[in-house]
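Start with the whole fold, then look at one residue.

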Amino acid sequence: MGNRTGQEIEDAVFGLLKNSSISGKITGVVMLHGIRPRESQVEDAVVRFVAGLPGQIETGIVVVNIFVPDIDAYGNGQFVPDKGRLTELEQYAAAWVEELKKKQTVSGFRFDLADTIHSTEFLEKKEHFVVIHLKYGALEK
């Protein structure tokens, strides 16, 4: 068989995340990119294939974003990032990536971080999100 498609890789990471401890720690659900409702007000984790290079050893990047609604910390209508929750989710994400790395090959893939886990603002809504850039490598099927 040949190289996997972006959707196959995205589906594999989706399955890993859905069956991880993170899925039980967020207030929303794990979903694929493009599925999250715009009006969602919960902590959803979204998996998105970004890039891949085919070959004898496939490599590429998959991004997981965990959305966290901003909070009205001072009761004055000015929303700010929920720094405590973002930090907590970043730590859960780091532990999940470490689990993936220790297993060496998961669903035919090897995983590592492509970038530091961090949080950033989602400009379209009053929320921020944790960003996990996963680098994968897979031996040809």
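Predicted model: local features only at pLDDT ≥ 70, side-chain atom pairs only at ≥ 80, totals over all residues.

Residues are numbered from 1 along each chain as its sequence is written, and side-chain values use heavy atoms, with hydrogens and water left out.

**The fold.** The chain has three helices and six strands. Both are DSSP runs: helices are H or I with at least four residues, strands are E with at least two, and numbering starts at the N terminus. Along the sequence, the order is α-α-β-β-β-α-β-β-β. The radius of gyration is 16 Å, close to the 14 Å from the globule rule for 141 residues, so the chain is as compact as a globular protein of that length. That radius is taken over C-alpha atoms, and the rule is 2.2 Å times the number of residues to the power 0.38.

| Whole-chain item | Value |
|---|---|
| Buried residues (under 20% relative accessible area, 1.4 Å probe, protein chains only) | 38% of 141 residues |

**One residue.** Ser 40 sits in the loop between β1 (30-32) and β2 (45-53). Is Ser 40 buried or exposed? Its relative accessibility is 11%, so Ser 40 counts as buried. Leaving out residues up to four places away in sequence, Ser 40 touches Lys 125 and Glu 127. A contact here means heavy atoms within 4.5 Å.

Terms used:
Buried < 20%, exposed > 50% of the residue type's maximum accessible area, 1.4 Å probe, protein only.
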